[in-house]
Amino acid sequence: MKILHLVSSPRGAASFSVQLGNAIVQKLQTANPGSILTTHNLAQTPFPHLEDVHFQSFFTPAESRSPELLEAVKHSDAAIAELKEADVIVIGVPMYNFTIHSTLQAWINHIARANETFSYSGNGPEGLVKNKKVYLAIATGGVYSEGAMKAYDFTEPYLRTVLGFLGMTDVTTYRVEGLKVPTLQDNALNKAVESIEV
Ligand SMILES: Cc1cc2nc3c(=O)[nH]c(=O)nc-3n(C[C@H](O)[C@H](O)[C@H](O)COP(=O)(O)O)c2cc1C
């Protein structure tokens, strides 16, 4: 089994989404001895914001790309190859201002490409990244799994939408939540880790 662990928090080992993602990875490795792990830290090596040169490159056939356009598409091609190789993808998702961090958004912007990861057919769009298992490790200061704040969560609904659009429909979410709630914060990580089933 090939596991791809995407880290998007810039907070290193102190990050709760990293700690929860690591716990998911450890359980996967225990359940699947010999599995191969690739960790990609999107905060340490961020993908560039999409600029005009990226769009031009995406929409130019590979054989017609200039050296500049070939250079511009390198990050995207590498990320798509890495994604397609993985059987399981663990995504660390810190919530910042109700949504995902821009480091993760930048990765998504580079992997969502027509004719590479989705296509348009007569029946509408079709995701081309199939047969993947995805785990989200979401860290939040508040509680969004239930209650009044649930409608303010733009992490999980967005990720389920965009990953599903690309063909990744088998998504399981684990949450370390209430990290800024005095009565919940001390036990939040233990509770999340104990809930993991792989
Ligand atoms: C700039 C900033 C914005 C944040 N925005 C939210 C938010 O909108 N909702 C929330 O519940 N927590 C918010 N938090 C708290 C983080 O979600 C929490 O610290 C979480 O642990 C971040 O994940 P990490 O530990 O993996 O970095 C915010 C924290 C910071 C620093």
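## Met95

Met95 is a buried residue, because 23 other C-beta atoms lie within 10 Å of its own and the threshold for burial is 20 or more. This description, like the rest of the report, refers to a predicted model.

Met95 is placed in the loop that lies between strand β3 (88-94) and helix α5 (102-111). When residues up to four places away in sequence are not counted, Met95 touches Ile138, Ala139, Thr140 and Thr155.

## Phe16

Phe16 belongs to helix α1, which covers residues 16-31. Phe16 counts as buried because it has 24 C-beta neighbours inside 10 Å.

Apart from neighbours within four places in sequence, the contacts of Phe16 are Ala139, Val176, Leu179 and Leu189. Ala139 is therefore a contact of Phe16, and Ala139 is also touched by Met95.

## Annotated binding site

An unreviewed UniProt entry carries the annotation "binding site" for Ser9, Ser15, Phe16, Ser17, Met95, Tyr96, Asn97 and Phe98. Both residues described above, Phe16 and Met95, are among the positions that this record covers.

## Strands β1 and β2

Strand β1 (residues 2-7) and strand β2 (residues 36-41) run parallel and are joined by six bridges. Within this pairing, Val7 stands opposite Asn41 of β2.

Helix α1, the helix in which Phe16 is found, also takes part in a right-handed β-α-β unit together with β1 and β2.

Key: Residues numbered from 1 in each chain as written. Predicted model: local features only at pLDDT ≥ 70, side-chain atom pairs only at ≥ 80, totals over all residues. UniProt positions renumbered as here; feature names shortened; annotations may be inferred. Helix = DSSP H or I, 4+ residues; strand = E, 2+ residues; numbered from the N terminus. Buried ≥ 20, exposed ≤ 12 C-beta atoms within 10 Å, placed from the backbone. Contact = placed C-beta atoms within 7 Å. Pairing = 2+ DSSP bridges. Right-handed = clockwise from strand over helix to strand, strands pointing away.
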